[in-house]
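Student: Please take a close look at one part of this model, the interface between its chains. I would like one connected account.

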There are 2 protein chains.
Amino acid sequence: MNIGQVSKATGVSLRMIRHYEGIGLMPSPDRRDNGYRDYPPRSIERLRFIANARDLGFSVDEISALLSLWDDRERASSEVKAIALGHAEDLARKSAALEAMRRTLLDLAEGCSGDARPDCPILAGLAETRQRPARELTAAKTKPRRVA
Amino acid sequence: MNIGQVSKATGVSLRMIRHYEGIGLMPSPDRRDNGYRDYPPRSIERLRFIANARDLGFSVDEISALLSLWDDRERASSEVKAIALGHAEDLARKSAALEAMRRTLLDLAEGCSGDARPDCPILAGLAETRQRPARELTAAKTKPRRVA
DNA sequence: ATGAACCCTGACATCATGTCAGGGTCAAGC
DNA sequence: GCTTGACCCTGACATGATGTCAGGGTTCAT
């Protein structure tokens, strides 16, 4: 199959199909004499897997892990479940963070008359002091980073 | 004030202070003879405003709008409130989207034994057909883009 | 006058994705 | 055989917020 057909079959853009190949999520397909990528039917399944996982917000690293588990017929389902549940927690955390922002915002907005008068506690609140120190001031010797 | 002092006073990194200047959120400060940026005290307030707004997830465009309203003593508080509430809705939508992903994931995980056995509905679910068409297939004549 | 601490600019990297450019290839119809 | 349109290839640039590194001045306290 040509890449265009694969794209239509999976709903993944040409760009991203090539991209996933570049970053190693998809194996490099054979090439025809003219240089065109020639995909086996299996590719479609794998691409769908990747696309679905992305739609669920999995990171590339997580997808990569899920794919190797998928390729491994013998792995314990507990491994898969652990990744899934871990990601679900991530999602919950992020969602909670957004909710917290929203609450703060609504609290600020509550005091705002929202009419033609100029005084507004929202702006006042935004201008208020903060003290979340800049990275540079704290990160000094803390983190080794670069693990992923 | 030198940029370093402003950074300490606001918790905004040097990098970002310069960046905000570059994208026009902060006015270019005067320069001393040696080329150092020389900030007036007002800058601190404005930077705090920007940083707080960012912490609340406002986009640069929104912040920019809020800043001009802030600069305008006469504007109606309703304008500010509209931006704030609009953003709060954005946050709600995003949060809901994350929650939806989480639910889907938990639904999938529910059927997974999570033990040593290899069969796993999570992987099966991820491999399932999808049909969210790629951008390229739909976007054809839809969007004029490039407004911001 | 030497070194630490500070400042400057510019460039590169991240991540997923789009888009554009410049150039081959293939198939169908004349 | 030649043209045309659809398809493919690679490579590069852009986005947004932020970090980091490099290479090079400045200031100030010892």
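Tutor: The model is predicted. Start with size. The contact draws 70 residues from chain B and 70 residues from chain A. Together the two chains bury about 5500 Å². Carbon and sulfur atoms carry 65% of that area. On the chain B side, B:Leu123, B:Leu126 and B:Arg130 supply 13% of the area buried against chain A, more than any other three residues.

Next, the polar side of the contact. Polar contacts are present: 22 residue pairs, both residues at pLDDT 80 or more.

Now the elements. In chain B, α1 (3-10), α2 (14-22), α3 (42-55), α4 (60-71), α5 (77-110), α6 (121-127) and α7 (135-138) each give at least two residues to the side that touches chain A. The largest share, 21 residues, comes from α5(B). Sorted by class, this side of chain B has 35 nonpolar, 16 polar and 19 charged residues.

What of the two faces? Of the interface residues of chain B, 100% are also interface residues in chain A, so the copies meet through the same surface.

Key: Residues numbered from 1 in each chain as written. Chains lettered and ligands numbered in written order. Predicted model: local features only at pLDDT ≥ 70, side-chain atom pairs only at ≥ 80, totals over all residues. Heavy atoms only, no water. Contact = heavy atoms within 4.5 Å. Buried area = accessible area lost by both parts, 1.4 Å probe. Polar contact = N/O pair within 3.5 Å; in protein donor to acceptor, adjacent residues only side chain to side chain. Helix = DSSP H or I, 4+ residues; strand = E, 2+ residues; numbered from the N terminus. Nonpolar A, V, L, I, M, F, W, Y, C, P; charged D, E, K, R; others polar.
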